[in-house]
Amino acid sequence: MERILEAAPGTRVLLLGNEAIARAALEAGVAVATTYPGTPASEIGDALARVAKDAGIYFEYSTNEMVATEVAIGAATSGVRALVSMKHVGLNVAADALMTFAYTGTRGGFVLVTADDPSCHSSQNEQDNRYFALLGGIPLLEPSSPQECYDMTKEAFELSEKLELPVIVRTTTRVSHVRGAVTVGEVKPGPKKNEFVKDPKRFVTVPAVAKERHLVLLQRLVEADKLASRSALNKVFRLGRSRRKGIITSSAAFNYVMDAAKALELSVDVLKLGFSHPLPSTLVSDFLKGHDMVVVVEELEPILETSVRALAQHDGIPSRILGKADGLFPRAHELNQRLVSSGLTRAFKASGGSLRKAAEEHDELPLRPPVLCAGCPHSATYFAVNKATNRKAIFASDIGCYTLGLEPPYSAADLLVCMGSSVGTAGGLAKVNDQPVIAFIGDSTFFHAGIPGLINAVHHRHKFLLMILDNRTTAMTGHQPHPGSDRGVPGTEVTAVEIEDVVRGCGVKWLRVVDPYDIKLTTDTVKEALKQEGVSVIVARRECALIAGRDDTGAIIRKHYIDQELCKKCRTCVDKFQCPAISSIDKVQAIDDALCAGCGVCAQVCPHDAIKEAK
Amino acid sequence: MVDIYLVGVGGQGIITASRIIGEAALFAGKNVLLSETHGMAQRGGSVVCTARIGDVYSPLIPDGRADIILSFELLEALRALCMASKSTRVVTSSERIVPLAISTKKLNYPSLDEIRSQAARSAKDFIAVDAPRLAASAGVPMSSNVVMIGALAGVGVAGLERAHFEKAVEATIPRKVSENLHAFSLGFDAAKNAPANV
């Protein structure tokens, strides 16, 4: 049973924040939902992908976040409801579409979910996407819990249609990836088809139109401010008896505030902003007037704090406002109860209940960072590349599992900024360095943002080797399909776009396809590629070992073992290759039968032919 | 309030285990919040999930405040002791998954006795269960996580009864129900009858 679709109205179900968003969209009658997968947003799309057919909605994993947003805009401007979800950095890609869409506005409800990642749990930065709401003039809702993910997503569709504006729902890792009880309502299918009514004076943003539409947007924001000031999503929690001290907070920070305030036995009023942009000016102004001292608690940037201070100054309110500017809370990394408790203790001169930081006595334990899996084709590729280049090359890397190759023994990443950056940065590296330059990009990332870089490199005759690490899936985020896949989500038919066709279409003349499990072929091909002028491309194609190893594929796994009589203890299999199935304990190297994926790469790596296939 | 800190290695089914706890709490009529590790961290790395049963807002457990540490791997149990106080119960699988750093940096994997004595200093007690063996004997070798949920129920979670957990196992893992319930009961008995260490 897919509880996202089938949970009965009125029941309490255990849902992930992301699943609660998906359920709410179904109840709100969403017609079109799109995404590009990215942690911590991925489960929104994955949940909808599983039920799209039965729910009768259209869902797609789009090529990138900008395309996802544009597809949703096409649907919403036609008058049906649309949802687009992405991780925070995805909104950088989608921003071009979103900033101007705020000018045209929407007809059907349009909700964009951005899942931020304070502390960079699985991201290259921890940017605070609330700034996009400020930048674009877009109403912003910030849930704190799975139940609020559900409530606010439903409300976001209503607000969007009321204001005729896109609405951003912003979560963080500690909201998206929290599971809790959610009381659900009824799934009410909405209209799936409509007719686009032409209105070029609104929807075609040539300069003359855009100038006028900006004024409309500003007017809508005034209305949004009024709606926010009386929105049920903004509420005051009264703790204890004294009514002179206040806290203004939002999102995950609210949770830490409530737990800390209880532990510290604070007498304080907590204004929780769920609808936080535009700042509900009347509500906040009244709250400030009613409290002598107000502490603003928020994760990452001091956005609420700055606007609350500006409002107080404008309205001539003398209350003391404290926050990050006073050093009470850090501006980097996620908050927790200890940090919030410590800031509130200092602000309110409370005593007791302070929490200790974990003892660091166990820091010397062997670390266990994420690693490339047993049988991972990327490991084989990196081993071959190091062999071919003798490690004398600069590696431009990209976003995906293969970034994990940055650690020794591969050291296969020297520069990484964003999706698709391997290709563009390789061009610049090659222009000013004498060493060979090799760019690594995954299949999904290549489709997402690698293609314009490749066209640029061909056109400007940049000289580097681009290796497209094609494991036939979007592995890191949970094996979602991409444009190269021949199967889409259930209920849809897709056309696989061949990577070779795209590469040749970009004007690349030297292209080879290798199986990375074949170390000699891959090594020789890399050597040959590096002799070429201009851009050379190698597609290293081998299915992700996690998919190939699934029980249901029926694949025979050829387990390997180390023949201890032949083993010379040279440690090549441990020091130059790296496989979680191979261990070296008490100077004995061995393969864990349970973990071995049967790729056979280690047998090629061993210089003494001591690794054999089990009979 | 009961705070359970779940640790192990990506791929051991820890998220599923935390969901079983969550469902059991709902069956018992309690509130519950779980936090999960997804994405990059899952590729064979250390994984942490939390389960907080009771009325609380934050899904994260403050340092040193775990009531129970439920570990799926020995070294991770040791690493998790920073969350322990003298009232914390540590329940761990005796499974060892050797991290690459041990091989590449020529380090030692701590012995069970070392881990036991560390736990004696930091926690109330320490119960080790041979989860992979019990799962295999129940006919579901992939269900070490279910064995450990049984062990959790065996040491007891205030307000949650054995039947709540069993119903939650069934609701969360619809395949091989009788085998998984058997795995659960083996874990339950192993923890319940474990000698009181420390």
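How many aromatic pairs does the structure hold over all chains? There are eleven, where rings of Phe, Tyr and Trp (its six-membered ring) pair if their centres lie within 6.5 Å. Keep in mind that this is a predicted model, where local features need pLDDT of at least 70 and side-chain atom pairs count only at pLDDT 80 or more. Residues are numbered from 1 along each chain, and chains are lettered from A in the order in which they are written.

**Ring pairs**
- A:Phe254 and B:Tyr57 pair up edge-to-face (planes over 60 degrees apart), with 5.3 Å centre to centre and 85° between the planes.
- This pair crosses between chains, from helix H11 of chain A to a loop of chain B.
- A:Phe254 counts as buried because its relative accessibility is 3% (the cut-off is under 20%).
- B:Tyr57, at 34%, counts as partly exposed (between the buried cut-off and exposed, which is over 50%).
- A:Tyr382 and A:Phe440 also form an edge-to-face pair, 4.9 Å centre to centre, and both are buried.

**Charges over rings**
- A:Lys272 lies over the face of A:Phe254, 5.1 Å from the ring centre (the cut-offs are NZ of Lys or CZ of Arg within 6 Å of the centre and within 35 degrees of the ring normal).
- In chain B, the charged end of B:Arg162 sits over the ring of B:Phe188, 4.1 Å from its centre.

Terms used
Side-chain values use heavy atoms; hydrogens and water are left out. Rings of Phe, Tyr and Trp (its six-membered ring) pair if their centres lie within 6.5 Å; planes under 30 degrees apart count as stacked, over 60 as edge-to-face and the rest as tilted. Helices (H or I, at least four residues) and strands (E, at least two) are DSSP runs, numbered from the N terminus. Buried means under 20% relative accessible area, exposed over 50%, partly exposed in between (1.4 Å probe, protein chains only).
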